[in-house]
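Dear colleague,

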Amino acid sequence: MKRSMTRSLAVLLALCMMLALTACGQKAPEPAPAAETQPQTETAPAAEAQPGTETASSEAETAPTPTGDAKWLKLAESFAYPSLDAHKDYYGWYTSIYGVTETLFRVADDLSIQPLLAKDYAVSEDGKTWTVRLADAVFSNGTPVTADMVMRNFLRLAEKNERFAYLSDFAFAAPDEKTLTITTPEIYPTMLSDLSAPELAVMDLDGTTDFDNAPVATGPFVVKSFTPEGTVEVVKNEAYWNGSVRLDGVTFYYMQDDDSKLMAMQAGEIDGYTSVTAAAKEIFSADPATYSLTVIPATRLQFYVLNKTRLDDSVRKAINLTTDCEAIAAYLGGTVSAAVGPFSASAPYGQVTKPAPDPEAARALLEADGYTLNADGIYEKDGKPLKLNICYYAARSLDAIALLMQEQLGKVGIKATLTVQEDPDATYVATGDYDIALYCMIADKAGDPYYCVDALYRADSKWAKAGFPDGESEELIDRLQYETDIAERAALANQVVQMSIDENAFGYVGLFNKTTVTRTGVSGIAETCPFDFYGVSAETDMA
């Protein structure tokens, strides 16, 4: 008899745990899918030795890291870039992680947007002009941050980075040294989210002589040494404008390989890293005296779409009542947290509810709709068995989710077949040829719900073929697009998402976790923030 998927996965996970617990000093088990999302992938430079490799001891002996009483942190990063120019490509993500650059606003751990280099802001009655008053910030060379300098940074970004070319459509003005105005062609409610993006970092354009290797900025740290696509060292910014900096410096090692990070952590060569695999998590969890683990839901969403044009209400509701997202999260080894909606429940726009799994209620729904079990244990109606097609692509653990959903549905009498595609957008998403479509995306880019709501629920979105958008939801999204009140934006987003749940048009499976390990006594490396573009700060500390 064919084994059930539950038994197979349980055996596999048990084997992984046994391997992990015996892995000290050996090659770690094959890592689970990483919970982190990054803008792009780089290849590790072969010439540079890193902790966790065979040459780690010589690296430690020759690295110019202070010793003695200095508070010097050593961290591993999975990505590295050829430049520190925050306006190019995605490099601003890492100058932000390194604590070198800052933005006018930043996204807090609770996903609210808070002033940073800005002091406060106001929006005109017509919603097209934003007035930002600047804080009394200075660059690391002591030069004050002025509105003119901020304006010039944004115009430079529009020239250097095609993703931000739209900034050239805005009209910037600096009526005085501490006041910046931004006027947009139409109402632009996501301005604060944009101004929080790490690429909108503010650098001293006049005081910087080498943007690629030594940008002058406002962060709590300044660059000490930089190896393109390799190790980065930063030291305390003695002129930091926003409080005292607790660390003397930080070394960031580029370590893409999961095994290397695990072994470097065990050997004491690094003090922490993010994107811990399920196998490494088990090892660190077994030694709480040495390691601290922080696991929080991040912003990459696993979800499925139920095709309303092919499935009636009772069947869609039965599917949602059968899909056990907590069980799926457990099978994935803690790399995801079960989702209720597309956003974190800690966000003001993540306040939605969905029914708990209830297979018996699912069966009752089907039977009330005229379905009866046939000799094969499958529900049928009018002589036609209830058979569904689940389409997916084999990435971001969607293959495992498809198998688990197939098993869960089978237990209540719904037969599911699986169809895997390499390019979902060019196949089942484009055609609408599916009963259930699995997908994965970043749902929250920087503390605002509109990007995800627009992408999933619009009448002209790629998911519209599944039949969810209607006049009411479209009207709500139109209001969200131009609403400038933050609380009202959250309320509108919650209303649209709740509609998608109540109509059983979508199923939200999991949010990938951000899993961070630190040596005991280390804190403040953005381990409680769901976004990937924050790292060390003035508050980062170590015992």
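A residue is called buried when its relative accessible area is under 20%, exposed when that area is over 50%, and partly exposed in between (1.4 Å probe, protein chains only). The model is predicted, so local features need pLDDT of at least 70 and side-chain atom pairs count only at pLDDT 80 or more, while totals for chains, interfaces and linings use all residues. Residues are numbered from 1 along each chain as its sequence is written, and side-chain values use heavy atoms, with hydrogens and water left out.

With that scale in mind, P144 counts as partly exposed because its relative accessibility is 46%. P144 is found in the loop between β5 (129-134) and α4 (147-160); helices (H or I, at least four residues) and strands (E, at least two) are DSSP runs, numbered from the N terminus. Not counting residues up to four places away in sequence, P144 touches A137, V138 and F139, where contact means heavy atoms within 4.5 Å.

Turning to the interior, a nonpolar core is a set of buried Ala, Val, Leu, Ile, Met, Phe, Trp, Tyr and Cys residues joined through side-chain atoms within 4.5 Å. The largest such core has 146 residues, and L104, F303, Y457, W463 and F506 touch the most other members. Beyond its neighbours within four places in sequence, W463 is in contact with residues including F303, Y434, A437 and F506. A second, separate core holds 14 residues, among them Y253, V276, A280 and V517.

Strand β17 (residues 387-392) is mostly covered, with five of its six residues buried. Two strands pair if DSSP finds at least two bridges between them. In the parallel sense, β17 pairs with β18 (residues 415-420) over six bridges and with β19 (residues 436-442) over two bridges. L388 has A416 of β18 as its bridge partner, and C391 has A437 of β19.

Finally, which helix supplies the largest share of the lining of the largest pocket? That helix is α13, with five residues. The lining has 45 residues in total, of which S193, D194, K445, A446 and Y451 lie nearest the centre of the pocket. A pocket here is an open set of points on a 1 Å grid over the protein atoms alone, where a 1.4 Å probe fits, with protein on both sides within 12 Å along at least five of seven lines; lining residues have an atom within 4 Å of a point.

With kind regards
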